[in-house]
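Here are a few exercises to work through with the model open beside you. Try each task before you read its solution.

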Amino acid sequence: MGAIVQLTAQHVHETVGQQPTAPESAALRAGRAASADTGRGQGANTVAQLRAQLERVQGRRLDAPVLPVHPALASLLPGGGLRPGSAYSLPRSTSVLLALLAQPSQSGSWCGVIGMPRLGAEAAEGLGVDLSRLVLIPDPGARWLAVTSTVAEVLPVVAVRPSGRAADGEISRLAARLRDRGAVLLVQGPWPQAEAVIEVGEPEWEGVGRGHGYLSGREVTLTSSSRRWPRSRRARVMLPDAAGHVAAAPERMRPVEALHPAAAAAYEASLGHRVRAVG
C-alpha cells in the first residue's frame, strides 16, 4: 500500500521558505501555501514555485484539456472527463468520489481530499486511487473554504466535504481561482454553477443469495445532469465489483412480457394456419 500525505489545517496556512525537491515533499508543501493574512508577497512566490515543481513532477501542465476518468463514468461527464477550472456536485458517497479520483491519480495528477476524516486508505487503493499522489486534510476547521482555495493553488484535483455554508462572494472567488489555476473541484453536496451534478440510487447488492452469503459487489445507478445537456444521463455501474474495483454493470436481459390472452390466441391461430398450408 502506498503512503498518503496527511496535513492539518495549520500546515496549509503556514509559509515555507524553501522549494520542495521530491514528489512527496511537493505534495507536503502544497498544503503549506502562505495564508493571505501574512506574507502575501512571499506566499505568492511560494505558490508559483510549488506549482512549477508539480508541473515538472507530473510531466505535463496543470491546464490539460480534460482529466481522464474510468470508462464506466465517462458518459456522465461533459467532454468525457473532469474539465479543469470546473466544479462538480457529488452525492455523499465515498465510493463515487474515489471512483472519480482513481484515473486522475493514476495518470499523474495529485489529488487533495479535505474534510473527510473517515476516508479509508484501503478502500481508496481498492478503487484504484494512487495513494502516493493523495493528500489528506481530515479536519480543515471552520475555514474549510479558505483551506480548499489554498490547496487548489497547487493541486489539480481537490475534493471537499463542506462543513458549513459559504458566502456567495467566497464561492465566486474560489471559482475564479479554479479557472485561473485549471484545478478541478469535487464537492460532496450542492454547489452553484456546477459543471455536472451526479446522484446515486437504486443500489443492488450481489452475493446475499436467499438471505445469507458474502456480499460480492454493489450495482448502482448514477444519474448526471448538466447545463450542457438537454436531459440527464444515466449509467449502471458496479461500485464496487466482486474484485473491489469500478466497472460497468453487465447488461441483463429484460424479462419478456406475457401476451394478452386475445393476442396470444390470434398468434397461435396464425401458426396453425401456416402449418396446415405447408402440410
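**Exercise 1.** Which helix gives the largest share of the lining of the second largest pocket?

*Solution.* Before you start: this is a predicted model, where local features need pLDDT of at least 70, side-chain atom pairs count only at pLDDT 80 or more, and totals for chains, interfaces and linings use all residues. Residues are numbered from 1 along each chain as its sequence is written, and side-chain values use heavy atoms, leaving out hydrogens and water.

Step 1: go to the centre of the pocket, where Ala87, Ala175, Arg179, Pro192 and Gln193 lie nearest among 16 lining residues. Lining residues have an atom within 4 Å of a point on a 1 Å grid; a pocket is an open set of points where a 1.4 Å probe fits, with protein on both sides within 12 Å along at least five of seven lines.

Step 2: sort the lining by helix, and helix 8 (residues 168-181) comes out with the largest share, seven residues. Helices here are DSSP runs (H or I, at least four residues) numbered from the N terminus.

**Exercise 2.** Find which residues of helix 7 are buried.

*Solution.* Buried means under 20% relative accessible area with a 1.4 Å probe, protein chains only. Walk along residues 144-151: seven of the eight pass. They are Trp144, Leu145, Val147, Thr148, Ser149, Thr150 and Val151.

Note on methods
Helices (H or I, at least four residues) and strands (E, at least two) are DSSP runs, numbered from the N terminus. Buried means under 20% relative accessible area, exposed over 50%, partly exposed in between (1.4 Å probe, protein chains only).
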